[in-house]
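Hi,

Here's the structure I said I'd pass on.

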Amino acid sequence: MTSVLRGGRLVSLRRATVTMQSNCSSLTCGRQNVNGVDLYYEKAGTGKHAMLLLPGALGSTKTDFQPQLKSLNQDLFTVVGWDPRGYGQSRPPDRDFPLDFFERDAKDAVDLMRTLGFVKFSLLGWSDGGITALIAAARNPDFINKMAVWGSNAFVSQQDLDIYNSVRDVSKWSARMRAPMEEVYGAQVFAQTWQAWVDGVAQFAHRAKGNICIELLPLIRCPTLIIHGEKDPMVPRSHPEFLLKGIPGSRLHLMPEGKHNLHLRFPEEFNKLVEEFLQEGHNH
């Protein structure tokens, strides 16, 4: 997610302070056919501990995770980023948002990693990618090592809907905030896909308790770190606290200055936090 109206002015949640190009000389870049779709991925590092980076709404390796693909410890970790179906360079197909789109992304994510030859791996999920990670971990306990999620939620409230609707019309965003997404999609496709995303997540508000994946949280067995930026205007604090109560043995780390894009705004602090969490107990 990229911006929010606050008192009539747009607060920037840009995915990157600088639009950084993928550097495929230091990465492996490719496409893998998974569940009938050619999924684009980037891989960095040769470490024993594999992890998958799961991007946010309309997100991709290019817009969402360059500081992680470039700077996470490549001796300790093998870092894989991917563009979910219909996003970024995993097009065609065009993105759609049936009620099970998070479940579909979760299956694609796990199947991609398995197809790439990883038997067990960790998940780092931002925003929508965190929701995808929660579902993937609950559904595949034997494959998931550890998980970190931030900017994510297990349900959609009326407050959440109001936030999403306030950013529905991308023509109200500044050109600077639209630029990274328009570079990936073009102006028209970005605007249309973003509105389709808002409608897609709004579907959950009509379910009991606004449920996305509430009933799956107790099934999560892996060590889970929930990170929350205390200045995140997209995700009220009640969401990480709900995840903390719902996921057995999970813990919550607060970043006082963090907004929605805390891993892009504070990459050194974020990367160090995640590396330490993943190395605890040397559980490979």
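This is a predicted model: local features need pLDDT of at least 70, side-chain atom pairs count only at pLDDT 80 or more; totals for chains, interfaces and linings use all residues.

On the overall fold: the chain has 10 helices and 10 strands, and 56% of its 284 residues are buried. Taking contacts between residues at least 6 apart in sequence, 77% of them join residues at least 24 apart.

Now the inside. In soluble globular proteins, nonpolar side chains tend to be buried together. Here the largest nonpolar core has 63 residues, and L123, W194 and W197 have the most contacts inside it. Leaving out residues up to four places away in sequence, L123 touches L52, L54 and M147, among others. There is also a second, separate core of 23 residues, including A44, A148, M255 and V274.

Then the rings. I get 12 aromatic pairs. One is W150 with F270: the ring centres are 4.6 Å apart and the planes sit at 55°, so the pair counts as tilted. This pair links distant parts of the chain, with W150 in strand β8 and F270 in helix α10, 120 residues apart. Both W150 and F270 are buried. Elsewhere, Y164, W173, F190, W194 and W197 form one aromatic cluster.

Two charges over rings to finish: the charged end of R114 sits over the ring of F143, 3.7 Å from its centre, and K146 lies over the face of F277, at 5.2 Å from the ring centre.

Cheers

Key:
Residues are numbered from 1 along each chain as its sequence is written. Side-chain values use heavy atoms; hydrogens and water are left out. Helices (H or I, at least four residues) and strands (E, at least two) are DSSP runs, numbered from the N terminus. Buried means under 20% relative accessible area, exposed over 50%, partly exposed in between (1.4 Å probe, protein chains only). Contact means heavy atoms within 4.5 Å. A nonpolar core is a set of buried Ala, Val, Leu, Ile, Met, Phe, Trp, Tyr and Cys residues joined through side-chain atoms within 4.5 Å. Rings of Phe, Tyr and Trp (its six-membered ring) pair if their centres lie within 6.5 Å; planes under 30 degrees apart count as stacked, over 60 as edge-to-face and the rest as tilted. A charge sits over a ring if NZ of Lys or CZ of Arg is within 6 Å of the ring centre and within 35 degrees of the ring normal.
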